[in-house]
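This briefing gathers a set of computed features by topic. The sequence and the structure come first, and the notes follow.

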Amino acid sequence: MEKKIVFFDLDGTLFTHEKKILESTKQALKALQNKGVYTAICTGRAPLMFEWLLDELSFNSYVSMNGQHVICEGKEIFTNPMKQDDMEKLTKMANEKGHGLTYSTFDTFVSNTSAHPLITDSTSRLKIPYPPVDSEIFIHSGVNQVQLYCPEEETEEYIKLFDGHTFIRWDKTSVDMLPAGASKAIGIQKMLEHLKIPIGNSYAFGDGMNDMQMIETVGTGIAMDNAIPEIKEVADLITASCDDDGILKGLLQVGLLQEDEVPLLQSIKK
């Protein structure tokens, strides 16, 4: 059988809106892996924020921080830290304006200040702890991605000052800041090259703006029913929502799984 791979976004895709993993999703992933289909996480999150998931769902490959860091079969194959000078300038500006920052590295997720209301709101919705403060993380560690927390209209000043960087909005008060050209698609391409899997044999599930290039790059892009309209427009097909067995249903739709390969469906039929 030709090698195939499926990439899964986390929030709103592999996770339900309550940040849970459906039993149907667990069984679908296990069935894929039993068939020899590669499975990989592809997320904007830092590894520290999902490392518990790797063992639980038997993932040993992932694209994290919007393509900035790639682990394939347990080994690092790509990393792209941001420039220290840019991090110093960004931190100084955010501190002067009272804006929040979080910094993502391979093994760390920290902030520039304590108890910032927008960081508190964001981490609460992601159901993760407020990150510890280390506003000089970039001096001793490679920072792959930064999240900026401020009112939407105030991000324009950052975009102009850091011309050439990539800014990806993921809610009204938060944007990811990355080096120029960075995206999930870059990380996916690195993994496909490493595994020698053709684009046509790659699939991806996603729902948000940072999934756009991913969905457009793979051979078959699948949008969740809860995805933003822009993702649905570029996807090859739309599956059910993340709360309604969307992963399993999508895998059945594209023929990567058959109903008799999933115990949950077999038990329902009895």
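Aspartate 86 touches Phe162 and His165, leaving aside residues up to four places away in sequence, where contact means heavy atoms within 4.5 Å. This is a predicted model, in which local features need pLDDT of at least 70 and side-chain atom pairs count only at pLDDT 80 or more, while totals for chains, interfaces and linings use all residues. Residues are numbered from 1 along each chain as its sequence is written, and side-chain values use heavy atoms, with hydrogens and water left out.

**Aspartate 86**

- Aspartate 86 has its place in helix 4; helices (H or I, at least four residues) and strands (E, at least two) are DSSP runs, numbered from the N terminus.
- The side chains of aspartate 86 and histidine 165 are joined by a polar contact of 3.3 Å, a term for a pair of N or O atoms within 3.5 Å, of which, within protein, one must be able to donate a hydrogen and the other to accept it, and for which residues adjacent in sequence count only if both atoms are side-chain atoms.
- Aspartate 86 is buried but has no salt bridge, and lysine 89, the nearest side chain of opposite charge, is 4.7 Å away.
- Here buried means under 20% relative accessible area, exposed means over 50%, and partly exposed lies in between (1.4 Å probe, protein chains only), while a salt bridge requires a side-chain nitrogen of Lys or Arg within 4 Å of a carboxyl oxygen of Asp or Glu.
- For charge, Lys and Arg count as positive and Asp and Glu as negative, whereas His and the chain ends are not counted.

- An open sheet is formed by five strands in the order 7-6-8-10-9, with antiparallel pairing; two strands pair if DSSP finds at least two bridges between them.
- Strand 7 (109–111) and strand 9 (166–171) stand at the edges and have a single partner strand each, so one side of each is left without a neighbour in the sheet.
- Strand 6 (residues 100–104) pairs with strand 8 (residues 145–149) in the antiparallel sense over five bridges, and serine 104 has glutamine 145 in strand 8 as its bridge partner.
- Helix 4 (residues 84–97) packs on the sheet, where it touches strand 6, strand 8 and strand 10 (174–178), and its direction makes about 155° with that of strand 6; axes are lines fitted to C-alpha atoms, for helices over the stretch in contact, and angles run from 0 to 180 degrees between N-to-C directions.

**Strands 11 and 12**

- Strand 11 (residues 202–206) and strand 12 pair in the parallel sense over four bridges, and isoleucine 222 in strand 12 is the bridge partner of phenylalanine 205.
- From strand 12 (residues 220–223), Thr220 and Ile222 point one way and Gly221 and Ala223 the other way, and all are buried.
- In a regular strand the side chains alternate between the two faces of the sheet.

**Salt bridges**

- The structure holds 12 salt bridges, and a network of them links Asp9, Lys184 and Asp211.
- Aspartate 121 and arginine 125 meet in a salt bridge (3.1 Å, N to O), and both lie in helix 5 (residues 117–126), four residues apart, about one turn of the helix.
- Arginine 125 also forms a salt bridge with aspartate 171, with the closest N and O atoms 2.6 Å apart; this pair links distant parts of the chain, since arginine 125 is in helix 5 and aspartate 171 in strand 9, 46 residues apart.
- Aspartate 171 counts as buried because its relative accessibility is 15%, whereas arginine 125, at 40%, counts as partly exposed.
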